Amino acid sequence: MKTALTIAGSDCSGGAGIQADLKTFSAHGVFGMSVIVSVVAENTSRVIDIQDMRPDMIEKQIEAVFEDIEVDAVKIGMLSQPECMEAVAGKLKQYAPRHVVIDPVMYAKNGCPLMNPNAIDTLIRKVLPLASVLTPNIPEAEKITGLKIGSVDDMKKAAAAIYRMGCKHVVVKGGHAAGNALDILFDGEAFHSFDAQRIETKNTHGTGCTYSSAIASNLALGYGLQEAVRRAKEYVTTAIRHSLPIGKGNGPTHHFYSLYKNGLEKGMGTDE
């Protein structure tokens with residue numbers, strides 16, 4: 001069985017963060033492991049409080065996994081403070097996993113900040129160069145690059161700018177734009193588009209976590225980058241289409257819809 005490690009914050013309401021990542025890994029038939037960097041007291045409506053783990057405890061969790069288990073892919077989500085980022089970056093340089101998918105989480109779905117604004121410089125200098133794939137949404141891409149994004153061409157410019165910061169590949173997600181949900185992948189040479197019909201629902205809590213974890217899962221399973229992103233796009237679109245009206249705010253996506261419908265042997269990521 002292939003394995004994947006998520007390094008992120010814990011969402012006690014179960015729709016995002018570590019919980020969404022582990023559900024996504026499982027839905028793809030990948031064995032999931034976790035390193036908790038922050039405990040977030042949140043639900044579908046608000047973030048109540050955040051308690052960060054000590055940097056040395058973050059390092060020890062990473063050590064515990066890598067000294068014992070082969071890691072086929074790593075997904076990195078919420079890193080709230082510069083100290084967290086430096087701890088994670090140091091250990092990833094030490095262990096050098098083949099696939100590192102980074103979702104630069106800055107805000108919760110309800111708009112509550114999840115990253116210290118003063119940490120963005122550390123994110124750019126220390127974390128971004130470690131990414132096999134970086135998956136910012138439009139607001140995150142704007143923060144990282146300082147560019148205003150209002151069109152597909154702007155998404156491409158932002159992707160190219162982020163690539164020049166040291167990432168191997170960049171997926172700028174178009175979920176915050178108008179029209180279809182169009183994502184742009186830049187591999188350093190060419191742009192690739194991944195389009196899906198926009199689904200009208202408020203229940204999109206954890207979609208960014210889920211998408212990046214699905215990319216990591218597919219890379220762990222041995223798919224090439226474009227195929228991994230395509231399959232992840234199909235998976236998250238299905239999860240949104242069958243999202244769950246749980247809670248009073250933005251409910252979660254349905255991570256196991258295809259699994260419940262088709263069974264593990266028929267595969268995940270499709271809505272057939």
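What percentage of the 272 residues in the chain do buried residues make up? Within that setting, please look closely at N203: where does N203 lie, and which residues does N203 touch?

Modeller: This is a predicted model, in which local features need pLDDT of at least 70 and side-chain atom pairs count only at pLDDT 80 or more, while totals for chains, interfaces and linings use all residues. Residues are numbered from 1 along each chain as its sequence is written, and side-chain values use heavy atoms, with hydrogens and water left out.

Buried residues account for 55% of the 272 residues in the chain; buried means under 20% relative accessible area, exposed over 50%, and partly exposed in between, with a 1.4 Å probe and protein chains only. The chain contains nine helices and nine strands, which are DSSP runs numbered from the N terminus (helices H or I, at least four residues; strands E, at least two). Its radius of gyration is 17 Å, close to the 19 Å that the globule rule gives for 272 residues, so the chain is as compact as a globular protein of that length. That radius is taken over C-alpha atoms, and the rule is 2.2 Å times the number of residues to the power 0.38. Along its principal axes, the C-alpha trace spans about 45 × 40 × 40 Å.

N203 is in the loop between β9 (191–196) and α7 (207–220). With a relative accessible area of 9%, N203 is buried. Leaving aside residues up to four places away in sequence, N203 touches S243, L244, P245, G249, N250, G251, P252 and T253; a contact means heavy atoms within 4.5 Å. For the chain, 66% of contacts between residues at least 6 apart in sequence join residues at least 24 apart.

A158 belongs to helix α6 (residues 152–163) and is buried, with a relative accessible area of 0%. Its contacts, again without residues up to four places away in sequence, are A141, T145, L147 and I149.
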